Each structure stands twice: as C-alpha cells, then as structure tokens.
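Colleague: I am new to this structure. Please take one part and walk me through it closely.

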Amino acid sequence: MKFFVDTAEVDEIAELNDLGMVDGVTTNPSLILKSGRDILDVTKEIAGMVDGPVSAEVVALEADAMIAEGRKLAKIADNIAVKVPLTWAGLKACKVLSSEGNMVNVTLCFSANQALLAAKAGATFISPFIGRLDDINLDGMDLIADIRQIYDNYGFETQILAASIRSVNHAFQAALIGSDVMTAPPKVIKQMAEHPLTDKGLAAFLADWEKTGQQIL
Ligand code: E4P
C-alpha cells in the first residue's frame, strides 16, 4: 500500500520523506488554511520535495471553472494530481482533466456508487473518507471494501485512496481490505510504529544490559 501524507506542513513531509515513507501528498483547502501558506507556493514546494503525486484541490463549483483551476494547478509541476469534489460538475471536470493527461483525485466520496462514477469518468484516484463516515456512526471500512469489490469486478484502474484516516486501526483495516493508497496525517503514520510490548520489551532488555556492565561503543 502506498502512503500519502495528508498535510501541507513541509517540515512534517520532509521528516517522513527522509525515511522513505512518502509516496505522495494530499492537501485540501482546510490544510492550506492551517499551513498559513499561499496555495501555489506551498504546492510547488511540496511537489519539488516528493517524487509521487501531490494533490491540490480546486475550489470552484461549476465544471468550466473547475477545469480552469485544475489546469492552473496542474501547471505547478508534473506530479500534481488535481483534486475535484465528487459532484456532477466534479465528474465533468474529472473527465476533461484526465483526458488531457492530468492525474485526477476525486475527493469527498461517501458511497460506492459515487466511486463507480468517478472510475468511469477516468479518475486516477478515488478518495473515500473513512473518518467522516465513522463520525456519523457508519462504517467507513465497509465503503472501502465495497469499492474494492466493484473495481475488481470490472477491472477499473482507478486507485482507491483511503482518506480521512484518523487512527492506526483505520490504516490497518485499509491495508487489509486492499486499498491501493492511504493518506494519513503524519501523527498517525508515526503512531503505527508504536506498541506497548515493544516499549516493555525494550525496557527489560536495557535493564539486563545494564547488569552486564558491558558497552558496545
Ligand atoms: C484527503 O484527501 C483529505 O484531505 C483528508 O483525508 C480529510 O481528512 P479529515 O476528514 O480528517 O479532515
């Protein structure tokens, strides 16, 4: 499973990128606001830091305006994936932008039927939002599983990008079901390294090592 980092904070991206953990980056208007940066500047900087796709989101609501914004965002760098919302206008924009050779990430997906439409419109990525479904007491993982089955049934090449990942369990479940990609905040990716038995075992080893009186260096 590919790891995208869901942030517009360049320092956090750099730290994970140095470890080889970054296959791409996703941003959205809320993350751009949080960064306090200009969208064009920060997207260009991020796109220069990582080899994989960097999603930058349009904010227009009409298809023609989305297409114009998407073309402008795509010019920032070769590895930009234009992010469009899963609306009828967004699907139109997806079709045009993908036909022009751009990567397109269709975002704000909350149903398998929406994902089916995105695939038919030529989406490179479909972004089902797991955490936001969990927020309203639905199981976001059921959606990932349904999309996986439908895409496999018909051989769609659109990649499932599990988004709105809020916990290490979300990451685990998305991998188990067969998401092609997950995008998660840096904090969640780091938490995946944690286990209480690792901490306990390390403490025991270090206590015994102390008793040997030896040193490695
Ligand atoms: C993905 O592309 C979105 O930016 C993100 O995953 C949304 O996550 P949230 O629901 O935690 O805001």
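Modeller: Contact here means heavy atoms within 4.5 Å. This is a predicted model. Let us look at helix 8 and its two packing partners.

Helix 8 spans residues 140–154. Start with helix 6, residues 112–120. Helix 6 and helix 8 pack at an angle of about 40°. Their axes lie 9 Å apart. Angles under 35 degrees count as roughly parallel, and 65 to 115 as roughly perpendicular. Helix 6 and helix 8 are therefore oblique to each other. Their crossing is right-handed. On the helix 6 side, A112, A115, L116 and A119 make the contact. They meet L143, D146, I147, I150 and Y151 of helix 8. By class, the residues of this contact are eight nonpolar, no polar and one charged.

Now turn to helix 9, residues 168–177. Helix 8 and helix 9 pack at about 20°, with axes 10 Å apart. That angle makes helix 8 roughly parallel to helix 9. This crossing, too, is right-handed. Helix 8 brings M141, I144, A145 and R148 to the contact. Helix 9 brings H170, Q173, A174 and I177. The residues of the contact of helix 8 with helix 9 are five nonpolar, two polar and one charged.

So much for the two contacts. To recap, helix 8 is oblique to helix 6, and roughly parallel to helix 9. With helix 6, the contact includes L116 and I147. With helix 9, the contact includes I144 and A174.

Technical notes:
Residues are numbered from 1 along each chain as its sequence is written. This is a predicted model: local features need pLDDT of at least 70, side-chain atom pairs count only at pLDDT 80 or more; totals for chains, interfaces and linings use all residues. Side-chain values use heavy atoms; hydrogens and water are left out. Axes are lines fitted to C-alpha atoms, for helices over the stretch in contact, and angles run from 0 to 180 degrees between N-to-C directions. Helices (H or I, at least four residues) and strands (E, at least two) are DSSP runs, numbered from the N terminus. Angles under 35 degrees count as roughly parallel, over 145 as roughly antiparallel, 65 to 115 as roughly perpendicular and the rest as oblique. A crossing is left-handed if the near helix is turned anticlockwise from the far one by less than a right angle, and right-handed if clockwise. Ala, Val, Leu, Ile, Met, Phe, Trp, Tyr, Cys and Pro count as nonpolar, Asp, Glu, Lys and Arg as charged, and the others, Gly among them, as polar.
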